[in-house]
Amino acid sequence: NRNWVGYTSLSACQGYGRALSSSNCSVYTDANPMYTHKFRPCCTNVTGGCILTSQEHCLFLKGLWQENSETCSQVNCLSQICGMNQLQSKSKNTPYIAEANQGYRLVTALFVHAGVLHLLIMIVAQLILGSQIERTAGWFRIMLIYLTSGIGGNLISSVFVPYEATCGAGGPVYGLLGVVLVEFLQSYQVVIKPGIELLKLLTAIILSLFIGTLPYLDNFANIGGIVFGVLSAYLFLPYITFGKFDYGRKVFQIIVAFLLIVFLFIVGFVAFYIVQGTDWCKNCYYLNCIPYSNNMCHNHFINL
């Protein structure tokens, strides 16, 4: 493909492309002197990828063409594509650092939605699940649960699918499902036919997670939202106690929930910033997207 160009050895080029005698890849004159190919860096996707190619091919890839630069080392695609600003390194030998530190995106992504329909679905879901909980627990407790489950869900998603661009309040909404489950478990003694009600609730949770395995839905954020939602509900919700044993049991649950939340956040941040890989669980991706048909999960990554 003549629209691709790069630096390599002569032996590596043979059989794959055409070797150029010029040491500059930015301009290539074809055998016909009327045709001159102008190659510049092209930022291709949200992973910070960069290739040297023509303007036409860069537009075809829906990339950003860097007309004023000649090599990929002169551009910072993370800054151009994702707005990763202020990533300049203090070292003169490495003008840009490889990683970005924008932890606030774990929070801001909760309030960004992929269109009006997505926003309306999240609003309706929060009204159905959260209105009654807010009346009984208060706005402050529900805010703590909402943020804990949302940030925790986004953190789990960042660990397992770091190259998928996701947004929305899916984690907090699934966290509210976890809150409903905890409310039932803490007061099932006053519920009429608790077995049937528990079956209905578990069916709704399982069905919601099953829907999350469809393409372009971030089910890792949903799973993380439920886990953090359950733990934060044990920590923040007010309870009715039935005797001293029940009181002691619920105090113990609060302590354990707090320790587990701290532990999961520490493990999540270590996995995201230090480990940076989930090769130990390659099949975990099927929790996010199940190929119910051929190529159903193909190109699930969102490239810009």
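Start with the lining of the second largest pocket: its residues divide into 20 nonpolar, ten polar and two charged. Here Ala, Val, Leu, Ile, Met, Phe, Trp, Tyr, Cys and Pro count as nonpolar, Asp, Glu, Lys and Arg as charged, and the others, Gly among them, as polar. Before you click on, note that this is a predicted model, where local features need pLDDT of at least 70 and side-chain atom pairs count only at pLDDT 80 or more, while totals for chains, interfaces and linings use all residues. Residues are numbered from 1 along each chain as its sequence is written, and side-chain values use heavy atoms, with hydrogens and water left out.

**Stop 1**

Now colour helix 5 (116-137), helix 7 (170-186), helix 8 (194-211) and helix 9 (219-236), each of which supplies at least two lining residues. Which helix gives the largest share of the lining? That is helix 5, with six residues. Helices (H or I, at least four residues) and strands (E, at least two) are DSSP runs, numbered from the N terminus.

**Stop 1: helix 7 and its end**

Is helix 7 mostly enclosed or open? Since 14 of the 17 residues are buried, the rest of the structure largely encloses helix 7. (Buried means under 20% relative accessible area, exposed over 50%, partly exposed in between, with a 1.4 Å probe and protein chains only.)

Zoom in on Gln-186, which is in helix 7 and is buried at 4% relative accessible area. Beyond its neighbours within four places in sequence, Gln-186 is in contact with residues including Tyr-234, Phe-242 and Arg-249; contact means heavy atoms within 4.5 Å.

**Stop 2: two positive phi values**

Step into the loop between helix 7 and helix 8 to find Lys-193. Its phi is near 50°, positive in a residue other than glycine, and Lys-193 is exposed at 57%. Then pick Tyr-216 in the loop between helix 8 and helix 9: phi is about 65°, again positive without being a glycine, and Tyr-216 is exposed at 56%.

**Stop 3: the disulfides**

Show the cysteines. The structure holds two disulfides, each a pair of cysteine sulfur atoms within 2.5 Å.

Cys-42 pairs with Cys-58, S to S 2.1 Å. Cys-42 is in strand 4 (residues 40-43) and Cys-58 in helix 2 (residues 55-60), so the pair ties together parts 16 residues apart in sequence. The S-S torsion is about 80°, so this disulfide is right-handed. Both cysteines are buried.

Cys-50 pairs with Cys-72, also at S to S 2.1 Å, and with -85° about the S-S bond that link is left-handed. Cys-50 counts as partly exposed at 25%, and so does Cys-72 at 26%.
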